[in-house]
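I opened this notebook to keep a record of what I looked up in a structure that was new to me. The entries follow the order in which I went through it.

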Amino acid sequence: MLDITELSRKSGVPASKLRYYEEVGLIRSVGRKGLRRVFEPDVLPRLALIALGQAAGFSLAEIRGMLGQGKEPSIDRDMLAAKADAVDRHIKELSALRDGLRHAATCTAPSHLECPTFQRLMRIALTRQGMRKKVRPTRQ
């Protein structure tokens with residue numbers, strides 16, 4: 001058994017975040033040692049899955065759905081494939097942005113505002129900003 005301090009030290013996850021994860025149903029304590037929550041050691045791989053899910057861009061609600069309440073997670077392969085596709089799209093967008101910025105840095109136009117490539121970059125940025133305002137995902 002690991003108390004919350006030990007779990008925090010071993011996982012690198014702050015105790016406050018561990019308490020929040022418990023509150024939202026991502027992990028479960030099995031009791032208390034004095035005032036400290038106590039967890040089974042098998043919560044460590046679960047915390048690693050939560051970290052991986054967050055790094056991949058899944059919301060905590062999505063991660064909770066994949067982890068379920070049992071010992072074994074039920075990870076939806078279609079969700080993983082869809083997230084991988086979204087990551088690919090994001091990489092493509094970021095690569096285009098990087099290329100545009102590199103061009104702008106070396107552009108010979110008298111002003112960035114006279115450069116067609118830079119103008120296109122500004123239009124894309126403005127369009128994306130408008131799209132983000134319309135579809136603002138909820139974070140949990």
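**Entry 1**

I began with Asp3, which counts as buried because its relative accessibility is 6%, under the 20% cut-off. I keep in mind throughout that this is a predicted model.

I then looked up what Asp3 pairs with, and found a salt bridge to Arg36, with N and O 3.4 Å apart. Arg36 belongs to strand E3 and Asp3 to strand E1, so this pair ties together parts that are 33 residues apart in sequence.

**Entry 2: another pair, and the count**

How many salt bridges does the structure hold? I found four, and one of them is between the side chains of Arg37 and Glu22, at 2.5 Å from N to O. Arg37 is in strand E3 and Glu22 in helix H2, so the pair ties together parts 15 residues apart in sequence. Arg37 is partly exposed, with a relative accessible area of 21%.

**Entry 3: helix H3**

I turned next to helix H3, which runs over residues 43–55 and reaches 18 Å from its first C-alpha to its last, close to the 18 Å expected. Which residues of H3 are buried? They are Val43, Arg46, Leu47, Ile50 and Gly53, and they lie on the same side of H3 because they cover an arc of only 120 degrees around the axis. On the other side of H3, I found Leu52 and Ala55 exposed.

The buried residues of H3 pack against helices H1, H2 and H4 and against strand E3. After H3 comes Gly57, with a positive phi near 100 degrees.

**Entry 4: the two domains**

Last, I looked at the division into domain 1 (2–67) and domain 2 (77–135), whose centres, taken over C-alpha atoms, are separated by 36 Å. Five residues from domain 1 and four from domain 2 take part in the contact. The domains bury about 390 Å² between them, with 77% of it on carbon and sulfur atoms. Of the area that domain 1 buries against domain 2, Ala56, Phe58 and Met66 supply 78%, more than any other three residues.

Conventions:
Residues are numbered from 1 along each chain as its sequence is written. This is a predicted model: local features need pLDDT of at least 70, side-chain atom pairs count only at pLDDT 80 or more; totals for chains, interfaces and linings use all residues. Side-chain values use heavy atoms; hydrogens and water are left out. Helices (H or I, at least four residues) and strands (E, at least two) are DSSP runs, numbered from the N terminus. The expected span of a helix is 1.5 Å times one less than its number of residues. Buried means under 20% relative accessible area, exposed over 50%, partly exposed in between (1.4 Å probe, protein chains only). The arc is that of the directions from the helix axis to the C-beta atoms. Contact means heavy atoms within 4.5 Å. Domain bounds come from an automatic or database domain assignment. Buried area is the accessible area (1.4 Å probe) that two parts lose on being put together, summed over both.
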